[in-house]
Amino acid sequence: KRRHETKMACNVRVVVRFRPVNSREKSEHTTGEIGFKFPNDQTVEVYKKGTKFDAFAFDRVFYGDQVSQQTVYDLAAKETIMDVLQGYNGTIFAYGQTGAGKSHTMFGPNLTGMSEEKGQELRGIIPRSCRHIFDYIKQDKEETEFTIKCSFLEIYKEK
């Protein structure tokens, strides 16, 4: 059965990923003004000078440096790719300020000089999606004709 026949359809999911504070931010002491707490995997609490300022709910929250690229793919993108394989349109959209980790999440790091194993582990959503789609096509036994159309748009410094 198709996904929409077996469970409630979901048109939009909002998933956020918080990268760890980097060494420059630590050295500039910018971490004390605004802080975040993650009481569960769907909530972010924002603190201003130690006092709770606001809380936000999402479909999924990833934080810290222990979240693997595979986990992000599985929980943020895999279901969309499975829908695409069933003939539905799918969009995965990354948004955030410069340095927030969008490229790392979507592509992964520059793999030059890394071992094949480490490179596979660090791949982002886009290379994992491609692998998922082409593995699906490769295993097809019914000689189905596949047409793949993909668009990619990156706006950098709003240009």
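Contact here means heavy atoms within 4.5 Å. The model is predicted.

**Exercise 1. Which residues of H3 meet which residues of H7, and how are the two helices placed?**

Solution. 
- Step 1: list the pairing sides. From H3 come Gln69, Gln70, Val72 and Tyr73. From H7 come Ile125, Arg128, Ser129 and His132.
- Step 2: sort them by class. The contact of H3 with H7 holds three nonpolar, four polar and one charged residues.
- Step 3: Two packed helices are described by the angle between their axes and the distance between the axes. For H3 and H7 the angle is about 65° and the axes lie 10 Å apart.
- Step 4: H3 and H7 cross in a right-handed way.

**Exercise 2. Which residues of H3 are buried, and what covers them?**

Solution. 
- Step 1: apply the cut-off, under 20% relative accessible area. In H3, Gln69, Val72, Tyr73 and Ala76 are buried.
- Step 2: check their directions. These residues lie on the same side of H3, because they cover an arc of only 100° around the axis.
- Step 3: recall the helix repeat. An α-helix has 3.6 residues a turn, so residues three or four places apart point the same way.
- Step 4: find the cover. It includes strands S1 (15–18) and S5 (60–63), along with H4, H5 (102–106), H6 (116–122) and H7.

**Exercise 3. Is Leu111 buried, partly exposed or exposed?**

Solution. 
- Step 1: locate the residue. Leu111 sits in the loop between H5 and H6.
- Step 2: classify. Leu111 has 35% relative accessibility, so it counts as partly exposed.
- Step 3: look for contacts. Outside four places in sequence, Leu111 is in contact with Gly119 and Leu122.
- Step 4: Leu111 and Arg123 are twelve residues apart in sequence, with their C-alpha atoms 8.6 Å apart.

**Exercise 4. How many helices and strands has the chain?**

Solution. 
- Step 1: count. There are seven helices and five strands.
- Step 2: Of the 159 residues in the chain, 20% are buried.

Note on methods:
Residues numbered from 1 in each chain as written. Predicted model: local features only at pLDDT ≥ 70, side-chain atom pairs only at ≥ 80, totals over all residues. Heavy atoms only, no water. Axes fitted to C-alpha atoms, helices over the stretch in contact; angles between N-to-C directions. Helix = DSSP H or I, 4+ residues; strand = E, 2+ residues; numbered from the N terminus. Left-handed = near helix turned anticlockwise from the far one by under 90°. Nonpolar A, V, L, I, M, F, W, Y, C, P; charged D, E, K, R; others polar. Buried < 20%, exposed > 50% of the residue type's maximum accessible area, 1.4 Å probe, protein only. Arc of directions from axis to C-beta.
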